[in-house]
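Please look through the sequence and the structure shown here.

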Amino acid sequence: MTVSVEAKGFSIPLVGLGTWALRGRDCARLVEQAIRIGYRHIDTAQMYDNEREVGEGVRKSGKRSEVVVTTKVQPTLLAPHDLERSVKESLARLRLDHVDLLLIHWPNPRVPLSETLGAMTKMKQAGYARAIGVSNFTVQLLNEATRVSPEPLVCNQIECHPFLDQRKVIDATRTHGMAVIAYSPIARGNAKGEGVLERIGKTHGKSAAQVSLRYLVQQEIAVIPRTSRLQRLEENFALFDFTLSEFEMAQIRELSLRNDRLVDWTWSPKWD
Ligand SMILES: NC(=O)c1ccc[n+]([C@@H]2O[C@H](COP(=O)([O-])OP(=O)(O)OC[C@H]3O[C@@H](n4cnc5c(N)ncnc54)[C@H](OP(=O)(O)O)[C@@H]3O)[C@@H](O)[C@H]2O)c1
C-alpha cells in the first residue's frame, strides 16, 4: 500500500528510501528490492555519488513510472548555467529522461535565489523534472523562495526525528502549502535503544525505529530512512498497520526537548 502526502497537486509517497552512503552494486540491489517491496519514493543527490546505481535499481525494478525519484542539485552548482548543465548530467547518470522531484540540496548565499529558482523552473518546464522543491531551507529562506519562484515549490526536505524540535520550520513549510520530507528520520539509527521509543514499540509489537518513523508519518511528514540491510527495508516500510495514541505521540514529542541536531544547520560547503 502506498500512502502519500499531496502538495500543490503533486503526490509524495510517505515512505521512501534514503540512499546517502549506499554505493555500487549493493546500492542498485537495495533500490530494486525496495521497489519490489512497495517503496515508491527513492531519494538521491548529486553529492551522494550514486545516481548511476540508483538509476540502475529503479530501471531494473520495472516500475519506473510508479516511483517518485528525487535528486538534489549541490550547493556549488546553483548558478543557472551550472544548474542546467548539472541536471542534464544527473539524468545521464541516472539514465532516466526525467526525475520526479528536483530539489535545491542546500542554499548558497552567493547565488541569488531568484536566479536558481528561475533555472529550476526552466528544468521543470523542459520536462526534466515533474516538480521542484528545496531542502535545508529556514523559515526566512522559505518566505523568499516562495515569493520569487515562478513555479510552485512542493516540499522542504529537512532533518526531522523525535529528538529535534522542528515545529517552526514545519509550520512555515505547511503555511506555504508545501510538504515536509524528513531526512535522518530514525536519527541515523539512534532511535534504536531509546527507552521511550522501545517501550512504546513493545506495546505495538514494533521496533523503536518503526515508532520513530510512525511518529512522523502520522503527522503527514514523509520519511526517507536509509538502510544497507535488505531485511530492514521491510521493517522500515511496515508503518501502516498500527497507530500511536495521542498520549504516545505526546510522550515522543517530549524527546524533542533534547534538540539533538545531527546535521549542522550552519554547515556550508566551500563556495568557491
Ligand atoms: N537533504 C539533505 O541535506 C540530507 C541530509 C542527510 C540525509 N538525507 C537523506 O535522508 C536519508 C536518511 O537519512 P540518514 O541516512 O542521515 O539517516 P537515517 O535514515 O535516520 O539512519 C540511517 C542509519 O540507521 C540505520 N537503520 C536503518 N534502519 C534501521 C532500523 N530499522 N533499526 C535500526 N537501525 C536502522 C542504518 O544502518 P544499517 O544500514 O545498518 O541498517 C543507518 O546507519 C539519507 O540516506 C539521504 O537520502 C538528506
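Helices here are DSSP runs of H or I with at least four residues, strands are runs of E with at least two, and both are numbered from the N terminus.

This is a predicted model, in which local features need pLDDT of at least 70 and side-chain atom pairs count only at pLDDT 80 or more, while totals for chains, interfaces and linings use all residues. Residues are numbered from 1 along each chain as its sequence is written, and side-chain values use heavy atoms, with hydrogens and water left out.

Helix α2 covers residues 51–61, and its buried residues are E51, E53, V54, G55, G57, V58 and S61. Buried means under 20% relative accessible area, exposed means over 50%, and partly exposed is in between (1.4 Å probe, protein chains only). A salt bridge is a side-chain nitrogen of Lys or Arg within 4 Å of a carboxyl oxygen of Asp or Glu. K60 and E56 are four residues apart in the helix, about one turn. An α-helix has 3.6 residues a turn, so residues three or four places apart point the same way. E56 counts as partly exposed because its relative accessibility is 31%.

The protein chain as a whole has 10 helices and 10 strands. Its 272 residues would give a compact globule a radius of gyration near 19 Å, and the value for the chain, 18 Å, agrees with this. That radius is taken over C-alpha atoms, and the globule rule is 2.2 Å times the number of residues to the power 0.38. The C-alpha trace spans about 55 × 40 × 35 Å along its principal axes. Of the 272 residues, 55% are buried. Contact means heavy atoms within 4.5 Å; among contacts between residues at least 6 apart in sequence, 76% join residues at least 24 apart.

How many salt bridges does the structure hold? There are 15 salt bridges. One of them joins the side chains of K72 and D43, at 2.7 Å from N to O. This pair links distant parts of the chain, since K72 is in strand β5 and D43 in strand β4, 29 residues apart. K72 is buried, with a relative accessible area of 0%, and D43 is buried as well, with 2%.

Another salt bridge joins R64 and D100, whose closest N and O atoms are 2.9 Å apart. R64 is in the loop between α2 and β5, and D100 is in strand β6 (residues 99–104), so the pair links distant parts of the chain, 36 residues apart. Both R64 and D100 are buried. A network of salt bridges links R64, D100 and R130.

Strand β8 (residues 153–159) includes E159. E159 is buried yet has no salt bridge, and the nearest side chain of opposite charge, that of R261, is 4.8 Å away. For charge, Lys and Arg count as positive and Asp and Glu as negative, while His and the chain ends are not counted. What does the side chain of E159 join in a polar contact? The partner is the side chain of H161, at 2.8 Å. A polar contact is a pair of N or O atoms within 3.5 Å; within protein, one must be able to donate a hydrogen and the other to accept it, and residues adjacent in sequence count only if both atoms are side-chain atoms. A polar atom of the E159 side chain also lies 2.7 Å from the backbone nitrogen of L262.

N156 also lies in strand β8. N156 counts as buried, with 0% relative accessibility. A polar atom of its side chain lies 3.1 Å from the backbone oxygen of F137.

E6 lies in strand β1 (residues 4–7). E6 is exposed, with a relative accessible area of 54%, and its side chain makes a polar contact of 3.0 Å with the side chain of S11.
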